[in-house]
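I opened this structure to look up a few things. My notes follow in the order I made them.

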Amino acid sequence: MTPSVSDQSDALFRAMRETASAVDRRLSTVLPDPEGLEKRLLDATRYASLGGGKRLRPLLVVGSAQLFGVDLSSAIQVGTAVECIHTYSLIHDDLPAMDDDDLRRGQPTVHKAYDEATAVLVGDGLQALAFELLAAEEAHADPRVRVELITALAKASGFSGMVGGQAIDVAAETAGDLDLGTITHLQRLKTGALISFSVEAGGILGKADPFHREALRGYAHSVGLAFQIADDLLDVEGDAETVGKATHKDEDAGKATFVSLMGVERAREQAKFLVDQALEHVEDFGEEASLLRGVARFVVTRDK
Ligand code: GRG
């Protein structure tokens with residue numbers, strides 16, 4: 001019997017809660033607890049990284065790892081690593097030199113609650129911690145798998161991934177209006193690359209064959225773009241209290257986004273189309289893909 005829609009969303013929200021708690025527990029264990037002058041740095045790191053955020057990327061790692069019967073503890077280790085990179089990117093993105101934001105995950109941004117130097121260092125420390133987590137045996141017993149994970153996360157977060165996308169975004173502020181092709185490229189790098197890593201990580205951990213890895217790449221591509229369109233829609237339609245960060249930022253800055261170029265209705269249709277496409281990519285998998293299916297649907301219905 002196919003589970004009802006409400007059973008499916010109950011299961012998704014349970015998985016989200018469990019993944020978020022597991023990531024928090026892992027982070028609490030691995031973050032050092034110094035008493036000296038570096039205490040403030042670690043306090044700020046806990047402030048930024050514990051108890052907030054949807055933990056969507058770790059959830060994608062857990063979902064893709066489930067397809068190949070990978071241990072949950074390995075998936076949480078890898079999910080915690082990608083969450084460290086994601087959190088660092090948000091902290092740096094909020095700095096005055098970048099997006100200059102005061103609110104993140106419903107609380108003052110790190111440079112507001114502490115100071116700019118601390119915010120830079122928290123981000124740097126989290127980035128290093130991500131690779132330490134992947135290099136540890138808890139990620140996978142096979143060192144070749146660990147090297148593959150490290151390489152994939154480095155590419156996804158570096159010059160040809162998230163940092164490259166952020167650089168295009170910064171350059172776009174003075175480059176005039178971007179077209180749809182350029183925005184798609186920018187978002188593929190800035191937010192899509194980490195989402196793709198999260199989905200592909202399950203295939204790496206499970207030593208999946210090329211056919212299944214290709215299916216994961218297709219799913220990740222569609223979900224990544226759908227996520228970004230939903231983010232653009234939230235900027236236009238969401239309220240800051242629920243979203244947990246300032247809204248109407250893109251609109252006020254006159255920034256070209258999927259929504260400004262396509263309009264709200266077409267953007268919403270495109271996001272739904274991308275979700276259907278993502279579901280098709282994983283249709284050959286059975287029940288074990290139910291978490292990935294749930295996440296794909298959630299990405300466009302979320303309110304934060
Ligand atoms: C500073 C190197 C560097 C990169 C920053 C990802 C990024 C690049 C900036 C974030 C800006 C932004 C708001 C992008 C929109 C998409 C996005 C990443 C939203 C936040 O991700 P969620 O919704 O956040 O998963 P939570 O708080 O739930 O983890």
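Is aspartate 100 buried, partly exposed or exposed? I looked up its accessibility: at 42% relative accessibility, aspartate 100 counts as partly exposed. I keep in mind that this is a predicted model.

**Entry: positive phi**

I stayed with aspartate 100. I found it in the loop between H4 and strand S1 (103-104). I noted the background: most residues other than glycine have a negative phi. Then I turned to lysine 207. Lysine 207 is not a glycine either, yet its phi is positive, about 45°. I located lysine 207 in the loop between H9 and H10.

**Entry: helix H4**

Next I checked the length of H4. H4 has 22 residues, and at 1.5 Å a residue they should span 32 Å. I looked up the end C-alpha atoms of H4 and found them 31 Å apart, which agrees. I also checked how covered H4 is. It is mostly covered, with 20 of its 22 residues buried.

**Entry: the ligand**

Which element gives the most to the shell around the ligand? I found that H4 does, with 6 residues. At least two residues of the shell come from each of H4, helix H8 (162-175), helix H9 (180-205) and helix H10 (210-237).

I then listed the neighbours. There are 19 residues around the ligand, and Lys54, Arg57, His86, Arg105 and Asp231 come nearest. By class, I noted 4 nonpolar, 7 polar and 8 charged residues in the shell.

I looked up some distances. Lysine 54 has a polar side-chain atom 2.5 Å from an oxygen atom of the ligand. For histidine 86, an N or O atom in the side chain is 2.8 Å from an oxygen atom of the ligand. For arginine 105, I read 2.8 Å between an N or O atom in the side chain and an oxygen atom of the ligand. How much of the ligand does the protein cover? On its own the ligand has 700 Å² of accessible area, and the protein covers 92% of that.

**Entry: aromatic pairs**

How many aromatic pairs are there? I found a count of 3 aromatic pairs. I looked closely at two of them.

One of them joins phenylalanine 13 and phenylalanine 298. Their ring centres are 6.0 Å apart, with 85° between the planes, and the pair is edge-to-face. It links distant parts of the chain: phenylalanine 13 is in helix H1 (residues 5-30) and phenylalanine 298 in helix H15 (residues 290-301), 285 residues apart. Phenylalanine 13 is partly exposed, with a relative accessible area of 38%. Phenylalanine 298 is buried, at 11%.

I moved on to phenylalanine 68 and phenylalanine 285. Their planes lie at 90° and their ring centres are 6.1 Å apart, so I noted the pair as edge-to-face. This pair also links distant parts of the chain, 217 residues apart. I placed phenylalanine 68 in the loop between helix H3 (56-66) and helix H4 (72-93). I placed phenylalanine 285 in the loop between helix H14 (264-281) and H15. Phenylalanine 68 is partly exposed, with a relative accessible area of 22%. Phenylalanine 285 counts as buried, at 9% relative accessibility.

The 20 residues of H6 should span 28 Å at 1.5 Å a residue. Its end C-alpha atoms are 29 Å apart, which agrees. What caps the N-terminal end of H6? I found aspartate 115 there, with a side-chain oxygen 3.2 Å from the backbone nitrogen of alanine 117. Among the buried residues of H6 I noted Thr118, Val122, Leu126 and Phe131.

At 16% relative accessibility, histidine 140 counts as buried. A polar atom of its side chain lies 3.2 Å from the backbone oxygen of leucine 205.

**Entry: histidine 221**

Last, I looked up histidine 221. It lies in helix H10. Histidine 221 counts as partly exposed, at 36% relative accessibility.

Methods:
Residues numbered from 1 in each chain as written. Predicted model: local features only at pLDDT ≥ 70, side-chain atom pairs only at ≥ 80, totals over all residues. Heavy atoms only, no water. Phe/Tyr/Trp six-rings, centres within 6.5 Å; stacked < 30°, edge-to-face > 60°. Helix = DSSP H or I, 4+ residues; strand = E, 2+ residues; numbered from the N terminus. Buried < 20%, exposed > 50% of the residue type's maximum accessible area, 1.4 Å probe, protein only. Expected span 1.5 Å × (residues − 1). Near = heavy atom within 4 Å. Polar contact = N/O pair within 3.5 Å; in protein donor to acceptor, adjacent residues only side chain to side chain. Areas by Shrake-Rupley, 256 points an atom, 1.4 Å probe, with all protein chains shown as cover. Nonpolar A, V, L, I, M, F, W, Y, C, P; charged D, E, K, R; others polar.
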